[in-house]
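User: I'm new to this one and would like a walk through it, please. Could we start with the sheets?

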Amino acid sequence: MPLYKTLEVNTSTAIYIWKIEETEEELSENISLTKSSLDRLKRMKSELHRKGFLSIRHLMALAGYEDADMYYDEIGKPYLKDGKKISVTHSNHFTGIIISATDHVGIDIERQREKILRIAYKFTPIKEYRTIANTAALIRKLTIVWGCKESLYKIYEQEGLSFLKDIIVNDFDMTDGKTTGEIIYNRQHTYYKINFLEFENFTCVYAIKE
């Protein structure tokens, strides 16, 4: 069972990360799905997406939950029936969840890819990164910024929220493993603590609402 990593963020918040190495049949073992989840799984055309869906249920089991303990709202945000906060993520062969008894949380895992150089202007003022001459370092930093914004969006979950204009990630040193963020929407300000880590050319970012 390839549980890749667990992190205790604080006394009420934990992260579980899975590295997908099994077949779809192996991931289907010992997992009970609701009818709606089974229907959703059958609609997934990608085997990788199905594996990600199933591996997240294994992560939930490690945290003491079953598939039936989670539900989604009309725009796809997951909730736990016991009132604890949850966020999930899937990128290629890694999946992750963050669960908190007290805090609003968001998590995102992203593969570090050159493609991000072409789309960066859509989510961050790219001119702010002109001092980074090393392409590999620029890809790493932009991936962190994207993960930060994705994590904050998952917490706020507001249709129409602009990654470029409404979600702010304060500058950071990549060696620090942390930064802060802010969402400004409808004249309201919300603030967040953000942490990040890198492994196997992937970036994991998680955020907690202050």
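Analyst: A word on terms first: two strands pair if DSSP finds at least two bridges between them, and helices (H or I, at least four residues) and strands (E, at least two) are DSSP runs, numbered from the N terminus. This is a predicted model, in which local features need pLDDT of at least 70 and side-chain atom pairs count only at pLDDT 80 or more, while totals for chains, interfaces and linings use all residues. Residues are numbered from 1 along each chain as its sequence is written, and side-chain values use heavy atoms, with hydrogens and water left out.

User: OK, so in what order do the five strands of the open sheet come?

Analyst: The order is S7-S11-S10-S9-S8, with antiparallel pairing. Strand S7 (105-111) and S8 are the edge strands, each pairing on one side only, and the twist averages 25° from one strand to the next (axes are lines fitted to C-alpha atoms, for helices over the stretch in contact, and angles run from 0 to 180 degrees between N-to-C directions).

User: How many bridges join S9 to S10?

Analyst: Eight bridges join these two antiparallel strands, S9 and S10, and threonine 180 stands opposite lysine 193 in S10. H5 packs on this sheet and touches S7, S8, S9, S10 and S11, its direction making about 145° with that of S7; contact here means heavy atoms within 4.5 Å.

User: And which residues touch the most other members of the largest nonpolar core?

Analyst: Leu152, Phe172 and Ile183 do, in a core of 26 residues. A nonpolar core is a set of buried Ala, Val, Leu, Ile, Met, Phe, Trp, Tyr and Cys residues joined through side-chain atoms within 4.5 Å, where buried means under 20% relative accessible area, exposed over 50% and partly exposed in between (1.4 Å probe, protein chains only). H5 gives the largest share of this core, nine residues.

User: What does phenylalanine 172 touch?

Analyst: Leaving aside residues up to four places away in sequence, phenylalanine 172 touches Lys141, Ile144, Val145, Lys178, Thr179 and Phe196.

User: Switching topic: what is the strand order in the open sheet of four strands?

Analyst: That sheet runs S1-S2-S6-S5, again with antiparallel pairing, and its edge strands are strand S1 (3-10) and strand S5 (85-91). Seven bridges join strand S2 (residues 13-19) to S6, and the bridge partner of tyrosine 16 in S6 is isoleucine 97. Helix H3 (residues 47-62) packs on the sheet, touching S1, S2, S5 and S6, and its direction makes about 35° with that of S6.

User: How many aromatic pairs does the structure hold?

Analyst: The structure holds ten, counting rings of Phe, Tyr and Trp (its six-membered ring) whose centres lie within 6.5 Å, with planes under 30 degrees apart called stacked, over 60 edge-to-face and the rest tilted. One of them is the edge-to-face pair of phenylalanine 94 and phenylalanine 202, at 4.9 Å centre to centre and 65° between the planes. This pair links distant parts of the chain, since phenylalanine 94 is in strand S6 (residues 94-100) and phenylalanine 202 in strand S11 (residues 202-209), 108 residues apart.

User: Are those two buried or exposed?

Analyst: Phenylalanine 94 is buried, at a relative accessible area of 0%, and phenylalanine 202 is buried as well, at 3%. Ring pairs also link Tyr4, Phe94, Phe199 and Phe202 into a cluster.
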